[in-house]
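Work through the exercises below with the sequence and the 3D view side by side. Try each task before reading its solution.

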Amino acid sequence: MELDSLQFWLFFFAAVFILMFRSRKNRPTVAVKPRGVTARVFSLHSPLHHDTPLACLLDDTKRFGPLFQEKEPPVLPHGPSCECVLTESFIDSNQLYSGKAEKEVDPETDLGPLGKLQRRYYRYRLILSKPDCPVDQTEEIQNLILPMDLDPKFQEQVNQHLEGKL
Ligand SMILES: [Zn+2]
């Protein structure tokens, strides 16, 4: 009886150990490949100009829908000079998690065509240049800009543009 009990516990711990090991091994696969769900998505894009309103800059490149933090897109236009465009599409959650759902954004800016990182940097700088930018947003965006690896020439170009020298 004692031996049976010992064997039982040995098997029990071995089973628990194997299950823990397997679940740890499987976890990344589960995270990368969740069950696919097709959902509606709205993508908002705004041209980036010196005088693009703050509300448009803050919503630019955001996505809305059941798979995103913000479920409903804003009512457009944001204001009198809003040029934002909402595009509607359907997205599979598998594509979303694998990054395959990233669409190329039409990078219309008054600095000409910009790469993805440059465009994001320019958008952050435009937001910071707005006198009505809230303090908490300012700090958040400054922290996002710091680690960006950009050509100093481009940063200088943005500086001059925002100072009205270009
Ligand atoms: Zn807008």
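## Getting oriented

Of the 166 residues in the protein chain, 13% count as buried. A residue is buried if 20 or more other C-beta atoms lie within 10 Å of its own, exposed if 12 or fewer, and partly exposed in between, with C-beta atoms placed from the backbone. This is a predicted model: local features need pLDDT of at least 70, side-chain atom pairs count only at pLDDT 80 or more, and totals for chains, interfaces and linings use all residues. Residues are numbered from 1 along each chain as its sequence is written.

## Exercise 1: the chain as a whole

Task: state how many helices and strands the protein chain has, and give their pattern.

Solution. Start with the count: six helices and three strands. Helices (H or I, at least four residues) and strands (E, at least two) are DSSP runs, numbered from the N terminus. Next, read along the sequence: the pattern is α-β-α-β-β-α-α-α-α. Then turn to contacts, where two residues qualify if their C-beta atoms, placed from the backbone, lie within 7 Å. Among contacts in the protein chain with a separation of 6 or more, 65% join residues 24 or more positions apart.

## Exercise 2: the largest nonpolar core

Task: find the residues of the largest nonpolar core and say where it lies.

Solution. First, the term: a nonpolar core is a set of buried Ala, Val, Leu, Ile, Met, Phe, Trp, Tyr and Cys residues joined through C-beta atoms within 7 Å. Eight residues make up the largest one: Leu44, Leu48, Cys56, Leu57, Cys84, Tyr122, Leu126 and Val158. Now look at the helices: α2 (54-59) and α4 (116-129) each supply at least two residues of this core. Domain bounds come from an automatic or database domain assignment. Zoom in on Leu57: not counting residues up to four places away in sequence, Leu57 touches Ser46, Thr52, Arg123, Leu126 and Ile127.

## Exercise 3: how α4 packs

Task: describe the packing of α4 with α5 and with α6.

Solution. Two packed helices are described by the angle between their axes and the distance between the axes. Axes are lines fitted to C-alpha atoms, for helices over the stretch in contact, and angles run from 0 to 180 degrees between N-to-C directions.

- Step one: α4 and α5 (residues 135-145) pack at about 150 degrees, with axes 10 Å apart. α4 and α5 are therefore roughly antiparallel (angle over 145 degrees).
- Step two: Tyr121, Tyr124, Ile127 and Leu128 of α4 make the contact with Gln137, Thr138, Ile141, Leu144 and Ile145 of α5.
- Step three: α4 and α6 (residues 152-162) pack at about 35 degrees, with axes 11 Å apart.
- Step four: Gln118, Tyr122, Arg125 and Ser129 in α4 meet Phe154, Val158 and Leu162 in α6.

## Exercise 4: the loop between β2 and β3

Task: examine Pro74, Pro77 and Gly79 in the loop between β2 and β3.

Solution. Begin with Pro74, which is partly exposed, with 18 C-beta neighbours inside 10 Å. The C-alpha atoms of Pro74 and Leu86, twelve residues apart along the chain, are separated by 9.3 Å. Move on to Pro77: a cis peptide bond joins Leu76 and Pro77, with omega about 0 degrees. The loop holding Pro77 runs between β2 (63-64) and β3 (85-92). Finish with Gly79, which counts as exposed, with 11 C-beta neighbours inside 10 Å. Leaving aside neighbours within four places in sequence, Gly79 is in contact with Pro53 and Ala55. Gly79 and Cys56 are 23 residues apart in sequence and 8.7 Å apart in space, C-alpha to C-alpha.

Methods
Angles under 35 degrees count as roughly parallel, over 145 as roughly antiparallel, 65 to 115 as roughly perpendicular and the rest as oblique.
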